[in-house]
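Here is a short tour to read alongside the sequence and the coordinates.

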Amino acid sequence: MTKLTTHVLDVYSGKPGKGIKVELYYYSNTKNKEKVNSIILNNDGRADKPLVEGDSFKEGNYEIIFFVGEYFNELIDIKKPPFLDDVVIKFGISNAKEQYHVPLLVSPWSYTTYRGS
C-alpha cells in the first residue's frame, strides 16, 4: 500500500519528538492548499497511522508543518520569539505508487530532513 509517513527526532535531548503537532496539506494548484490531516506524534515521535495513504495519496505538491516551538517551549526556557517555531517542509510526490517517509531531525536552533523509505 502506498503511503506517506513521518517521524521526529529531537536531537537536542536525544529523544523522540513526543507530542509534536503535525499538519499535512496538499496543493491542488500553485495557490490553493487543502488540509489533508492533523495529528499529534506518539511517544515514539511517530504518527499512529500514515498521514495519507491509498487512493487519497496523490501525485503533486505537499507541505508538512511541524509545530516544534510549542514542543521545545515545554522542555526548555526559550527566549521569545523562538528561533524555530513552525518547521515547514514543502515537497513533491512524483509517483504515488511508492512509499514516502519524511522524517525531521530537530533542535531549538536547527533541523534537517530527507526522503526516507
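## The model

Please keep in mind that this is a predicted model.

## Helix 1 and its buried side

Let us begin with helix 1, which spans residues 68-75. Its buried residues are V68, G69, Y71 and F72. These residues lie on the same side of helix 1, because the arc they cover around the axis is only 160 degrees.

What do the buried residues of helix 1 pack against? Their partners are strand 1 (3-10), strand 2 (15-16), strand 6 (60-67), strand 7 (86-93) and strand 8 (100-106).

## T2, ahead of strand 1

T2 sits in the segment before strand 1. With a relative accessible area of 17%, T2 falls under the 20% cut-off and so is buried.

Its side chain comes to 3.1 Å from the backbone oxygen of A96. Leaving aside residues up to four places away in sequence, T2 touches E53, G54, F57, A96, K97 and E98. You will meet E98 again below, in a salt bridge with R115.

## Salt bridges

Side chains of opposite charge can pair when their charged atoms come close. This structure holds six salt bridges.

One of them joins K35 and E23, at 3.4 Å from N to O. The pair links distant parts of the chain, with K35 in strand 4 (residues 33-40) and E23 in strand 3 (residues 21-27), twelve residues apart.

Another salt bridge brings together E98 and R115, whose closest N and O atoms are 3.1 Å apart. E98 lies in the loop between strand 7 and strand 8 and R115 in the segment after strand 9, so this pair ties together parts that are 17 residues apart in sequence. Relative accessibility is 32% for E98, which counts as partly exposed, and R115 is partly exposed as well, at 46%.

D44 and R46 also meet through their side chains in a salt bridge, at 3.4 Å from N to O. D44 is partly exposed at 46% relative accessibility, and R46 is partly exposed at 35%.

## A nonpolar surface patch

Finally, have a look at the surface around Y12, F83 and W109, which form a nonpolar patch. Together they have about 400 Å² of accessible area. W109 is found in the loop between strand 8 and strand 9 (111-113).

Note on methods: Residues are numbered from 1 along each chain as its sequence is written. This is a predicted model: local features need pLDDT of at least 70, side-chain atom pairs count only at pLDDT 80 or more; totals for chains, interfaces and linings use all residues. Side-chain values use heavy atoms; hydrogens and water are left out. Buried means under 20% relative accessible area, exposed over 50%, partly exposed in between (1.4 Å probe, protein chains only). Helices (H or I, at least four residues) and strands (E, at least two) are DSSP runs, numbered from the N terminus. The arc is that of the directions from the helix axis to the C-beta atoms. Contact means heavy atoms within 4.5 Å. A polar contact is a pair of N or O atoms within 3.5 Å; within protein, one must be able to donate a hydrogen and the other to accept it, and residues adjacent in sequence count only if both atoms are side-chain atoms. Patches are made of residues with over 30% relative accessible area and no salt bridge: like charges are joined within 9 Å, nonpolar side chains (Val, Leu, Ile, Met, Phe, Trp, Tyr) within 5 Å. Accessible areas come from the Shrake-Rupley method with a 1.4 Å probe; for residues, only the protein chains shown count as cover. A salt bridge is a side-chain nitrogen of Lys or Arg within 4 Å of a carboxyl oxygen of Asp or Glu.
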